[in-house]
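Dear colleague,

Here is the structure I promised to pass on to you. My notes on it follow below, and I would be glad if you read them with the model open beside you.

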Amino acid sequence: MTSRFLFHGRWVAVLLILVDCGDFHRGPAPDASTDVAPVPVGDGGAGAFAARVAPVLLANCDRCHHTGGSASKSRFVLTGDTMTDRMALLPLVSPANPAASALLVAALGQGHGGGAILRTDAAEYRTLIDWISQGAQP
Ligand code: HEC
């Protein structure tokens, strides 16, 4: 009968976690300085690159930033392979100062051959800066 009690206890714990996640999504943005644990589902946590970041880059940057494109000689050339593309991006991002990341500065048009592609109030910009500020995870 002890094991039966434990079984029920585990389901209660699972339910509590689910309820917590629901609150997390509805609540205000997490404070990055206190929220150090990897966030399994979120704007910029683990899994975000393939799910959210790569699609933004492919939709907004790939027309120039691909092999043979006008930006093919830059350090930022997309291949469509998420592992390769994330690794190539790491020198262009600054998790300690996300807004200063070369990737974002260029996307806003500063010193960028492609001009202004994104605005700071765009959802795409928010996706990129969230991902960078959470450590530019895979
Ligand atoms: C219309 C074409 C075009 C588009 C679209 C474009 N770029 Fe560029 N980008 C360029 C060109 C051309 C260069 C090379 C000249 C330069 O460094 O500005 C460049 C350079 C860069 C660099 C400098 C890379 C290095 O070698 O240091 C970054 C970072 C960058 N772009 C980011 C972006 C991002 C992020 C997007 C999408 C949000 C984007 N670009 C969309 C044309 C484009």
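Around the ligand there are 20 residues, of which Cys61, Cys64, Arg75, Gly113 and Gly114 come nearest. Please keep in mind throughout that this is a predicted model.

Of its 138 residues, 20% count as buried. Among the contacts between residues at least 6 apart in sequence, 53% join residues that are at least 24 apart.

The largest nonpolar core holds 18 residues, and those that touch the most other members are Val53, Leu103, Leu128, Trp131 and Ile132. At least two residues of this core come from each of α2 (48–60), α4 (102–107) and α5 (123–133). In general, nonpolar side chains in soluble globular proteins tend to be buried together.

An α-helix has 3.6 residues a turn, so residues three or four places apart point the same way. The 13 residues of α2 reach 17 Å from the first C-alpha to the last, which is close to the 18 Å expected at 1.5 Å a residue, although a kink of about 35° lies at alanine 54, shortly before proline 55. In α5, the buried residues are Thr127, Leu128, Ile129, Trp131 and Ile132, and the buried residues of that helix pack against α2 and α4.

Glycine 135, which comes after α5, has a positive phi near 100°, while alanine 136, in the segment after α5, has a phi near 50°, a positive value in a residue other than glycine. Is alanine 136 buried or exposed? Alanine 136 is buried, because 22 other C-beta atoms lie within 10 Å, and the cut-off for counting as buried is 20 or more.

Finally, two loop positions may be of use when you look through the model. Aspartate 62 lies in the loop between α2 and α3 and counts as partly exposed because it has 17 C-beta neighbours inside 10 Å. Leaving aside its neighbours within four places in sequence, aspartate 62 is in contact with Leu57 and Leu78, and its C-alpha is 9.9 Å from that of serine 72, which is ten residues away in sequence. Asparagine 97, in the loop between α3 and α4, is exposed, with 10 other C-beta atoms within 10 Å. The C-alpha atoms of asparagine 97 and serine 133 are separated by 7.6 Å, although these residues are 36 apart along the chain.

With best wishes

Terms used: Residues are numbered from 1 along each chain as its sequence is written. This is a predicted model: local features need pLDDT of at least 70, side-chain atom pairs count only at pLDDT 80 or more; totals for chains, interfaces and linings use all residues. A nonpolar core is a set of buried Ala, Val, Leu, Ile, Met, Phe, Trp, Tyr and Cys residues joined through C-beta atoms within 7 Å. A residue is buried if 20 or more other C-beta atoms lie within 10 Å of its own, exposed if 12 or fewer, and partly exposed in between; C-beta atoms are placed from the backbone. Helices (H or I, at least four residues) and strands (E, at least two) are DSSP runs, numbered from the N terminus. A residue is near a molecule or strand if its C-beta atom, placed from the backbone, lies within 6 Å of it. The expected span of a helix is 1.5 Å times one less than its number of residues. The bend at a residue is the angle between axes fitted to the seven residues ending there and the seven starting there. Two residues are in contact if their C-beta atoms, placed from the backbone, lie within 7 Å.
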